[in-house]
Amino acid sequence: MDSIGSLGLQQREGAPSCPQEGLRCPSNSSELVPECLQQFRVTGAQLRQIQTSLLDSMEQALKGQASPAPAVRMLPTYVGSTPHGTEKGDFVVLELGATGASLRVLWVTLMGIEGHKMEPRSQEFMIPQEVMLGPGQQLFDFAARCLSEFLDALPVGNQGLQLGFSFSFPCHQTGLDKSTLISWTKGFRCSGVEGQDVVQLLRDAIQRQGTYSIDVVAVVNDTVGTMMGCEPGVGPCEVGLVVDTGTNACYMEEARHVAVLDEDRGRVCISVEWGSFSDDGALGPVLTIFDRTLDHESLNLGAQRFEKMIGGLYLGELVRLVLAHLARCGVLFGGYTSPALLRQGGILLEHVAEMEDPSAGAARVHAILQDLGLNPRASDAEFVQHVCAAVCTRAAQLCAAALAAVLSRLQHSREQQTLQIAVATGGRVFERHPRFLSILQETVMLLAPECDVSFIPSVDGGGQGVAMVTAVAARLAAHRCLLEETLAPFRLTREQLAAVQAQMREAMAKGLQGEASSLRMLPTYVRATPDGSERGDFLALDLGGTNFRVLLVRVATGGVQITSQIYSIPECVAQGSGQQLFDHIVDCIVDFQEKQGLSGQSLPLGFTFSFPCTQLGLDQGILLNWTKGFNASDCEGQDVVCLLREAIGRRQAVELNVVAIVNDTVGTMMSCGYEDPHCEVGLIVGTGTNACYMEELRNVASVAGDSGHMCINMEWGAFGDDGSLSMLSTRFDASVDQASINTGKQRFEKMISGMYLGEIVRHTLLHLTSLGVLFRGQQTQHLQTRDIFKTKFLSEIESDSLALRQVRAILEDLGLSLTSDDALMVLEVCQAVSQRAAQLCGAGVAAVVEKIRENRGLEELTVSVGVDGTLYKLHPHFSSLVAATVRELAPRCVVTFLQSEDGSGKGAALVTAVACRLAQMTCV
Ligand code: G6P
Ligand code: BGC
Ligand code: BGC
């Protein structure tokens with residue numbers, strides 16, 4: 001077993017030859033020994049000062065304070081839970097950095113049953129000094145060679161191995177398997193590694209070694225491995241404390257207190273990195289000249305000041321500096337010094353541990369000092385023991401002050417007055433130094449009396465714990481693969497979108513020619529967009545979206561004024577008899593007229609009826625089929641204007657002049673066209689989806705005339721009903737279609753619109769839960785309830801701010817308990833589903849604007865698209881994704897998307913106004 005300090009403590013290049021300049025021998029050296037020992041005495045007040053100041057730095061760092069930079073880093077480790085003992089499997093663990101100039105490889109088998117443990121097999125490899133100070137690639141190649149050498153001795157064959165990398169240096173982690181080295185500590189100084197992802201460096205080295213297929217699935221700090229290695233029976237331990245060559249601690253912090261994390265629930269393990277604590281105010285008074293000398297000669301001057309007072313790499317050196325000083329001043333060893341006494345690293349921790357151990361006795365001290373080339377007198381041995389005790393006692397006390405700061409933080413974080421906590425301890429200072437733990441315990445009890453702390457020594461230096469984290473990471477990595485597999489069909493390539501665009505163009509051409517096509521391309525008899533000369537008061541109805549509205553639209557010189565009222569269409573009416581539905585509509589109109597003082601007036605009425613209708617004229621619309629959950633009987637195949645007029649007829653004393661029936665896409669185009677004459681396309685992405693546009697009349701086979709334009713209602717919701725989209729349809733789309741009241745119909749709509757996206761997400765979540773990827777595989781009644789996952793949840797969940805908090809809030813309201821990984825995956829499912837919807841919608845718009853451009857034989861087309869619909873308006877990214885897809889697929893069209901403010905009711909009134917104006921012109 002190698003000694004702690006042996007190789008780690010390198011002389012810093014260019015360090016001044018005689019570091020002890022500051023160490024003068026007093027004229028009267030009789031008091032020198034007690035004086036030196038006194039320097040290592042730390043008072044209770046000083047320890048409390050350190051505890052308080054470290055706590056302040058911890059809380060500043062948690063809040064994300066940038067300047068002044070807090071004295072400790074508080075690094076999130078992506079370990080969100082302590083082990084629940086179910087982890088199982090064989091794992092390889094590579095430990096680098098915990099034990100200074102050596103690395104360890106372990107084979108750990110987790111049994112997955114509480115308390116069942118298999119002794120890990122391990123092997124330690126000494127790291128040559130030139131490797132610790134050389135190029136980073138050399139170090140990682142060395143590690144990869146050790147791995148192979150270790151595995152050569154085991155019957156692993158060529159099975160894929162999963163490795164957990166215990167890397168005991170300060171790192172910014174951005175994932176369980178992604179970690180960037182901030183700075184080396186503890187005698188390591190390899191070039192080309194700081195600022196790099198150490199997992200990638202190890203993967204590259206293993207690749208270069210090429211002997212075993214090893215997947216590095218997790219990287220953890222040794223403190224985390226120590227904490228996670230705590231026997232579940234005893235723990236769980238929520239603090240991991242390491243004092244080996246270096247020192248550090250980690251603990252489970254409330255995620256909401258960690259500013260850099262977007263989490264408000266659960267806990268996350270934080271690596272404190274207290275080795276860098278160097279608040280001069282707190283440490284200044286306890287820093288001795290020996291500490292300054294040690295730092296001055298170290299590889300990392302001014303860094304890791306706190307660690308250099310506690311870590312096993314430095315304790316021997318501190319003792320050596322004191323003994324060398326006392327020897328030079330003639331107080332010890334008769335003023336004789338030896339090369340070992342003057343050589344940095346000459347005295348190692350186990351020397352100190354042995355010499356200080358009261359049971360070791362003077363004889364052992366003599367033996368060690370003689371090995372160091374000294375000839376100690378009887379009194380020398382006693383003095384040396386005092387020096388060892390002073391250095392180590394201070395180290396244990398300082399460590400206790402730091403641990404007490406962590407305990408205070410836990411009390412704050414959990415708003416608890418008293419705290420019962422288990423601390424896992426690891427590192428050879430604990431193992432080798434007889435009194436370190438007891439001094440630590442005593443001091444913690446002094447500094448944190450309200451905390452009941454149990455110290456649990458980690459059995460194998462955290463190897464088991466690293467394997468636990470690796471098992472969790474492996475499980476998460478496997479889940480991630482299953483998630484990617486599940487979401488891959490939603491991720492459409494440019495080629496696939498271009499194919500949809502081309503197929504839609506083809507279907508448009510066929511539909512316009514009256515050939516079989518899933519796009520009906522229905523003439524709307526709207527031949528022109530408003531020219532601004534329209535005037536008058538009009539009633540408008542808006543049926544087919546989320547809300548049924550009755551509107552009074554006043555078109556005047558100063559513009560358009562709208563008064564409207566929303567009425568509900570209960571499901572039983574939407575799916576009842578046609579008569580009942582239209583009677584309900586007339587009831588709402590009458591109620592509106594009464595409220596607006598319009599009773600008895602017969603204003604021209606425009607009817608936005610957002611369902612596929614064959615129009616024979618502006619005021620004739622034969623309903624082809626219901627969509628969007630409507631299914632009133634005796635309507636399909638009927639002229640809905642007649643149905644409305646019959647309902648008006650059934651209601652005494654009501655007179656209404658139904659002038660026009662328009663589709664909501666047409667109403668939206670007209671409404672936006674009133675402001676922008678370039679607006680020649682109408683797009684709805686709401687409960688349903690559809691588009692219309694101004695087509696050249698010559699291209700509309702079913703309407704006579706070769707000049708001028710006709711607005712075509714594409715009814716693109718039905719695109720693909722002929723199976724042409726089946727290559728894009730996923731198993732979840734099929735489930736949604738199966739469960740709908742119009743199976744096999746509106747396939748394009750069922751991939752895009754608000755009525756269905758929530759259901760696609762719900763079916764995808766159910767599938768991922770059945771794979772055990774989500775919610776620990778727990779299927780809940782809630783999630784099996786149809787329509788319980790509203791499409792508006794996607795908009796909330798994908799909002800840029802508070803994403804994961806939204807996910808939690810929504811899913812917990814659905815009775816689901818979830819981990820932060822679950823929340824992240826649900827977010828990704830929502831993103832995949834809404835992104836596909838927006839891209840498909842964009843491919844559709846690209847097809848339409850390219851059609852218009854080619855119709856007009858233009859090199860470049862400038863056109864505006866009037867848009868309405870809750871999904872398009874409320875989803876945080878939908879509109880920008882649609883626009884991006886259109887730019888990609890129709891680069892020769894400059895497309896402006898105009899969100900309609902007043903809905904299509906205004907548009908219906910404008911169509912009515914145009915019809916009335918044209919009618920007046922023919923009368924005169
Ligand atoms: C607006 C229009 C309606 C249209 C609806 C679609 O409200 O006025 O005519 O049907 O948008 O969006 P929605 O999300 O309500 O289905
Ligand atoms: C490192 C820590 C590590 C500690 C104990 C310190 O030097 O910065 O990451 O946990 O040593 O090994
Ligand atoms: C209807 C269209 C309507 C669209 C948007 C679809 O279900 O078939 O007529 O334009 O929804 O509301």
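**Exercise 1.** Find the handedness of the crossing of α2 and α13, then describe their contact.

*Solution.* On the α2 side, the contact (heavy atoms within 4.5 Å) includes Leu47, Ile50 and Leu54, and on the α13 side Leu398, Ala401 and Arg409 are among the residues. Sorted by class, this contact has twelve nonpolar, four polar and two charged residues.

The model is predicted: local features need pLDDT of at least 70, side-chain atom pairs 80 or more, while totals for chains, interfaces and linings use all residues. Residues are numbered from 1 along each chain, chains are lettered from A and ligands numbered from 1 as written, and side-chain values use heavy atoms, without hydrogens and water.

**Exercise 2.** At what angle do α27 and α29 pack, and what does that make them?

*Solution.* First, the axes of α27 (residues 820–855) and α29 (residues 878–889) are 8 Å apart, at an angle of about 45 degrees. That makes α27 oblique to α29. Next, α27 passes α29 in a right-handed crossing. Finally, residues including Ala838 and Val845 in α27 meet residues including Phe878 and Leu881 in α29. This contact divides into eleven nonpolar, five polar and no charged residues.

**Exercise 3.** Which residues of α1 are buried?

*Solution.* In α1 (residues 32–39), Leu32, Val33, Cys36 and Leu37 are buried (under 20% relative accessible area, 1.4 Å probe, protein chains only). Their cover includes α8, α9 and α13.

Note on methods: Buried < 20%, exposed > 50% of the residue type's maximum accessible area, 1.4 Å probe, protein only. Helix = DSSP H or I, 4+ residues; strand = E, 2+ residues; numbered from the N terminus. Left-handed = near helix turned anticlockwise from the far one by under 90°. Nonpolar A, V, L, I, M, F, W, Y, C, P; charged D, E, K, R; others polar. Axes fitted to C-alpha atoms, helices over the stretch in contact; angles between N-to-C directions. Parallel < 35°, antiparallel > 145°, perpendicular 65-115°, else oblique.
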